[in-house]
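Hello,

I am passing on the structure we spoke about, together with some notes on its aromatic pairs and nonpolar cores. Please look it over when you have time.

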Amino acid sequence: MQNLILRLGIITLISISMTPVAGSASAGERCSPLSGRCFEWPLVPNGTTLDKISTNGVWSKPEGNGPFPAIIIAESCGGSKPSVDKFWPVFFNKLGYATYTPRILEEFGESYCPDLRFVASNKNRTKMLSIIYSALDEMRGKDYVNINSIGIIGFSLGGILIRDAGEIKGLKSPGGNKFKYAINVYGNCTLLERQGDNIPTLMLLAERDTEKGKHKICEKVQDQGFENMSWHTIK
């Protein structure tokens, strides 16, 4: 895991940033005291076991029989790009990780996010969580995977889903499983609180990605000292 984090620090990442709409809280919403932005809440209740969804996607692994540590690659709003289909699987395979990239947006009949409203929908994001947690169960079913070392990396939209999961205590896959670690790349830093199961999470930022005060929001979250959360800025 340390080798993975160190190598990730030298990679330049490009993805789409999604920011929730600011405003006053209404019924069924909560506002972050850190960013002043409001969200539908809760996404799902604490203790939720997500629905099973049979997934389609790209599987990849190092040479040999394993067992290998593994990582789910959660695509961004850009959908199935060469970066998530080829570049990242090859990158992680060279580090000794098996990978699976589930087709999250394909389950909605979309090749990319149609608009911000699509992403902001609780119903849609709950289904997306069901997809990636179902993928976790499917990954555990592979003979070449070390079932005690399966994590997730998410880009932009995928990072938002990692944020969502980190705020739900007792969230489980259809098979009752949880990720061992998470890597949030260019996802939102608009954490309402860290009430989830404190899965070790690495937040990756980019030095020059300062649009809409993103770094200032992330710095406020970082100052909260949430447990099991570390930060790295790509220079």
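The notes below go through the ring pairs, then the charges over rings, then the cores. Please keep in mind that this is a predicted model.

Aromatic pairs

The count of aromatic pairs comes to ten. One of them joins F87 and F91, whose rings are stacked, with 6.3 Å from centre to centre and 5° between the planes. Both residues belong to helix α2 (residues 82-94), and because they are four residues apart there, about one helical turn separates them. Are these two residues buried or exposed? F87 is partly exposed because its relative accessibility is 43%, whereas F91, at 14%, counts as buried.

A second pair is made by W88 and F155 and is tilted: the centres are 5.3 Å apart and the planes are at 35°. W88 is in helix α2 and F155 is in strand β6 (residues 145-155), so this pair ties together parts that lie 67 residues apart in sequence. W88 is buried, with a relative accessible area of 4%, and F155 is buried as well, with 6%. The residues of both pairs belong to a cluster linked by ring pairs, made up of F87, W88, F91, F92, Y97 and F155.

Charges over rings

There are two lysines to look at here. The charged end of K61 sits over the ring of Y144, at 5.4 Å from the ring centre. K127 lies over the face of F108, and the distance to the ring centre is 4.7 Å.

Nonpolar cores

The largest nonpolar core holds 37 residues, and the members that touch the most others are L129, I132, Y133, I152 and L171. Two or more residues each come from β4 (68-74), β5 (98-102), α3 (116-120), α4 (122-140), β6 and α5 (157-166). Of these elements, α4 supplies the largest share, with eight residues.

Which residues does I152 contact, leaving aside its neighbours within four places in sequence? I152 is in contact with I71, I72, A74, I132, I162, F179, Y181, A182 and I183.

As general background, nonpolar side chains in soluble globular proteins tend to be buried together.

Regards

Conventions
Residues are numbered from 1 along each chain as its sequence is written. This is a predicted model: local features need pLDDT of at least 70, side-chain atom pairs count only at pLDDT 80 or more; totals for chains, interfaces and linings use all residues. Side-chain values use heavy atoms; hydrogens and water are left out. Rings of Phe, Tyr and Trp (its six-membered ring) pair if their centres lie within 6.5 Å; planes under 30 degrees apart count as stacked, over 60 as edge-to-face and the rest as tilted. Buried means under 20% relative accessible area, exposed over 50%, partly exposed in between (1.4 Å probe, protein chains only). A charge sits over a ring if NZ of Lys or CZ of Arg is within 6 Å of the ring centre and within 35 degrees of the ring normal. A nonpolar core is a set of buried Ala, Val, Leu, Ile, Met, Phe, Trp, Tyr and Cys residues joined through side-chain atoms within 4.5 Å. Contact means heavy atoms within 4.5 Å.
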